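Here is a short briefing to read alongside the structure.

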Amino acid sequence: MTPAAPRITPLPSEMPMNPGETPASTVAQIVQSGTRALHSHSDSARLDAELLLGKTLRLSRPGLIACAGEAVTSEVERAFASLIEQRLRGVPIAYLTGVREFWSLALRVTPAVLVPRPETELVVELALQILPKQQPRSSAERACSILDLGTGSGAIALAIASERPQSRVTGVDISPSALDVAIQNSRDLGLSNIDWRLGSWFDPVPGERFDVIAANPPYVAAADPALEKLRAEPALALCDGPTGLEALSAIAGAAARHLFEHGWLILEHGSSQAPDVARLLERHGFTQVRSHLDLSGNPRVTLGTVHPPQ
């Protein structure tokens, strides 16, 4: 069934109003009121307001501009006000709209998964630098294999699979609800070269090896005040212990056994954790260990390689 059209109508220019009647608000006015409400709660108040009204009216941002002078119904205003109230309580925009763009891919997002961040695209960028663009020239050649640990929405796995369609990508998550989101995203994007598995870290891939293992594991320390601002997102994806290094240490300690010779481990981490993560990798036999800066200039991703199989 075709969805009902958005409830907006052109404002009449000379229609008399009944005494005491409140004039209908326009799209532009609703955006302005939402922007004012969010001003002290968001660094992108106007963008947030536009996205939330676009969600309510099922319109793109250009569509909102085209309809700026048109009136909205009281039903739309109430629905928009509810979204603004949720945003004021700290609910991420991606949960309210149900969508987040990552690596130019429109991903479904629910409260079961961490909201994909722009800095995580650095993990994808580094993986693609390692993985050859050429597809295997014969059936005898092995396709490159990638393991994404703690895949969540599937962002890293999906981005790599879209760029290397001949590769073999495996996405692992311990949360069934998160894995459901990843599977739906792969269906929406038509990406079939991904194998989704349920379990903790390397448990679902016993005895398997990969060319690249990538992970954006929970790395926020239990006492970090940042957790309060992130309270709407799944705690399992944010914090795994008192130091924030517990998951990173577990992955670094087991990764070499699951890498082919000259395979790479790529880990996202907190901006202050690069030295600790580099030491973890070196302690577990990784070489060529180096950290890379995100777009904000913070050390965000550390990687290393293994030589002899371990």
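**The sheet and its surroundings**

Seven strands form an open sheet with mixed pairing, in the order S7-S6-S5-S8-S9-S11-S10. Its edges are strand S7 (194-198) and strand S10 (287-293); each has a single partner strand, so one side of each is left without a neighbour in the sheet. On average, neighbouring strands of this sheet are turned by 15° against each other, direction ignored. Please keep in mind that this is a predicted model.

**Pairing and packing on the sheet**

- Strand S9 (residues 259-268) and strand S11 (residues 299-305) run antiparallel and are joined by five bridges.
- Within S11, glycine 304 is the bridge partner of leucine 265.
- Helix H7 (residues 155-163) packs on the sheet, where it touches strand S5 (145-149), strand S6 (168-173), S7 and strand S8 (210-215). The direction of H7 makes about 165° with that of S7.
- Helix H8 (residues 176-189) also packs on the sheet, touching S6 and S7. The direction of H8 makes about 170° with that of S7.

- Arginine 168 sits in strand S6 and is partly exposed, with a relative accessible area of 35%.
- Leaving aside neighbours within four places in sequence, the contacts of arginine 168 are Cys144, Ser145, Ile146, Asn193, Glu208, Arg209 and Phe210.
- Arginine 142 is 26 residues from arginine 168 in sequence, and their C-alpha atoms are 9.5 Å apart in space.
- Leucine 189 belongs to helix H8.
- Not counting residues up to four places away in sequence, leucine 189 touches Leu105, Ala106, Leu107 and Leu158.
- Between leucine 189 and alanine 106 there are 8.4 Å from C-alpha to C-alpha, although the two are 83 residues apart along the chain.

**Helix H11 and its buried face**

- Helix H11 (residues 274-283) has Ala274, Val277, Ala278, Leu280 and Leu281 buried.
- Viewed down the axis of H11, these buried residues fall within an arc of 155°, so they line one face of the helix.
- After H11 comes glycine 285, with a positive phi near 90°.

**Helices H1 and H2**

- Helix H1 (residues 27-38) packs against helix H2 (residues 45-57) at an angle of about 130°, and their axes are 8 Å apart.
- That angle makes H1 oblique to H2.
- The crossing in which H1 passes H2 is right-handed.
- From H1, the contact is made by Val27, Ile30, Val31, Gln32, Gly34, Thr35 and Leu38. From H2, the contact is made by Ala45, Arg46, Asp48, Ala49, Glu50, Leu53 and Leu57.

**Arginine 87**

- Arginine 87 is found in helix H4 (residues 74-88).
- Arginine 87 counts as buried because its relative accessible area, 19%, is under 20%.
- Which residues does arginine 87 touch, not counting residues up to four places away in sequence? They are Leu38, Ser42, Asp48, Leu52, Pro92, Ile93 and Leu96.
- Among them, Leu38 and Asp48 also take part in the contact of H1 and H2.

Notes. Residues numbered from 1 in each chain as written. Predicted model: local features only at pLDDT ≥ 70, side-chain atom pairs only at ≥ 80, totals over all residues. Heavy atoms only, no water. Helix = DSSP H or I, 4+ residues; strand = E, 2+ residues; numbered from the N terminus. Buried < 20%, exposed > 50% of the residue type's maximum accessible area, 1.4 Å probe, protein only. Contact = heavy atoms within 4.5 Å. Pairing = 2+ DSSP bridges. Axes fitted to C-alpha atoms, helices over the stretch in contact; angles between N-to-C directions. Arc of directions from axis to C-beta. Parallel < 35°, antiparallel > 145°, perpendicular 65-115°, else oblique. Left-handed = near helix turned anticlockwise from the far one by under 90°.
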